[in-house]
Amino acid sequence: MVKKYYSHQSSTIDNNCKIGAGTKIWHYSHLMKNCVIGKNCIIGQNVFISSKVKIGNNVKIQNNVSLYDGVFCENDVFIGPSVVFTNVINPRSFIERKKEFKKTLIKKGTSIGANSTIICGIELGKYSFIAAGAVVTKSVKNYSLVLGNPALHVGWMSQAGTRLKFDKNNIAFCKKSETKYKLVKDNIQKIR
């Protein structure tokens with residue numbers, strides 16, 4: 001069977017990986033058995049993907065990222081260089097905690113900036129934006145912009161990645177996508 005994805009000769013792809021058409025896997029990356037990678041993804045240099053990881057379509061994972069068991073990425077996610085994911089809250093080298101791995105869900109359209117740390121057991125909402133260097137210790141709402149250590153909500157982002165500014169009626173307009181958003185009870189609704 002002809003493979004429909006590209007992998008650099010230095011990458012390691014274990015048996016039974018499911019890799020979608022158009023995906024590119026670059027230098028020194030390692031995909032463990034049974035991982036699932038969607039279509040048209042980019043897996044950068046020196047990326048590790050564990051066996052129980054699932055990645056949607058059009059996901060970009062930049063260099064030096066490790067995705068451990070329990071990490072799930074929906075479609076259109078961007079993970080910047082050297083982002084760190086965890087899967088155990090209280091690791092000890094001398095205690096086996098594989099049965100305690102926590103799920104981390106990265107929802108559609110989320111962008112995670114370079115050198116961020118994502119603590120396990122949380123959800124990053126749709127189209128949320130994690131600023132570079134943030135340490136995310138709790139779940140993030142859809143369209144939320146968070147930054148700092150620990151990461152705090154500081155604003156809202158449009159689906160197109162533009163910072164939203166709301167008027168007195170709690171309406172914001174994204175010029176890039178020509179889309180309106182409404183802030184209702186600390187949540188964003190896209191207005192059609």
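Contact here means heavy atoms within 4.5 Å. The structure is a predicted model, in which local features need pLDDT of at least 70 and side-chain atom pairs count only at pLDDT 80 or more, while totals for chains, interfaces and linings use all residues. Residues are numbered from 1 along each chain as its sequence is written, and side-chain values use heavy atoms, with hydrogens and water left out.

Leaving aside neighbours within four places in sequence, Ser11 is in contact with Ile25, Trp26, Tyr28 and Ser29. Ser11 lies in the loop between strand E1 (6-7) and strand E2 (12-13), where strands (E, at least two residues) and helices (H or I, at least four) are DSSP runs numbered from the N terminus. With a relative accessible area of 13%, Ser11 is buried; buried means under 20% relative accessible area, exposed over 50%, and partly exposed in between (1.4 Å probe, protein chains only). A polar atom of the Ser11 side chain lies 2.6 Å from the backbone oxygen of His8.

**Aromatic pairs**

A pair of aromatic rings is described by the distance of the centres and the angle of the planes. Rings of Phe, Tyr and Trp (its six-membered ring) pair if their centres lie within 6.5 Å, and planes under 30 degrees apart count as stacked, over 60 as edge-to-face and the rest as tilted. The whole structure holds four aromatic pairs. In one of them, the rings of Tyr6 and Trp26 have centres 5.0 Å apart and planes at 50 degrees, so this pair is tilted. The pair links distant parts of the chain, 20 residues apart, with Tyr6 in strand E1 and Trp26 in the loop between strand E4 (24-25) and strand E5 (30-31). Tyr6 is partly exposed at a relative accessible area of 35%, and Trp26 is partly exposed at 30%.

Tyr143 and Tyr181 form an edge-to-face pair, 5.5 Å centre to centre with 65 degrees between the planes. This pair also links distant parts of the chain, 38 residues apart: Tyr143 is in the loop between strand E20 (135-136) and strand E21 (144-147), and Tyr181 is in strand E24 (residues 179-184).

**The parallel sheet and the nonpolar cores**

An open sheet of six strands has the order E3-E6-E9-E12-E15-E18, with parallel pairing; two strands pair if DSSP finds at least two bridges between them. Its edge strands, strand E3 (18-19) and strand E18 (123-124), each pair on one side only. Within the sheet, strand E9 (residues 54-55) and strand E12 (residues 71-73) are joined in the parallel sense over two bridges, and Ile55 has Cys73 in E12 as its bridge partner.

A nonpolar core is a set of buried Ala, Val, Leu, Ile, Met, Phe, Trp, Tyr and Cys residues joined through side-chain atoms within 4.5 Å. The largest such core has 33 residues, of which Ile49, Ile55, Ile61, Leu67, Ile79, Phe85 and Val136 touch the most other members. A second, separate core of nine residues includes Tyr143, Trp156, Ala172 and Tyr181.

| Strands | Bridges | Facing residues |
|---|---|---|
| E21 and E22 (residues 152-156) | four bridges | Ser144 and Trp156 |
| E23 (residues 171-174) and E24 | four bridges | Ala172 and Tyr181 |
| E24 and E25 (residues 187-191) | five bridges | Lys182 and Gln189 |

In the hairpin of E21 and E22, with four residues between the strands, Gly148 takes a positive phi near 100 degrees. The hairpin of E23 and E24 likewise has four residues between its strands, and Glu178 in the turn has a positive phi of about 55 degrees. Two residues separate E24 from E25 in their hairpin, where Lys185 in the turn has a positive phi of about 50 degrees.

In a regular strand the side chains alternate between the two faces of the sheet. In E24 the covered face consists of Thr179, Tyr181 and Leu183, and the uncovered one of Lys180, Lys182 and Val184.

Conventions. Polar contact = N/O pair within 3.5 Å; in protein donor to acceptor, adjacent residues only side chain to side chain.
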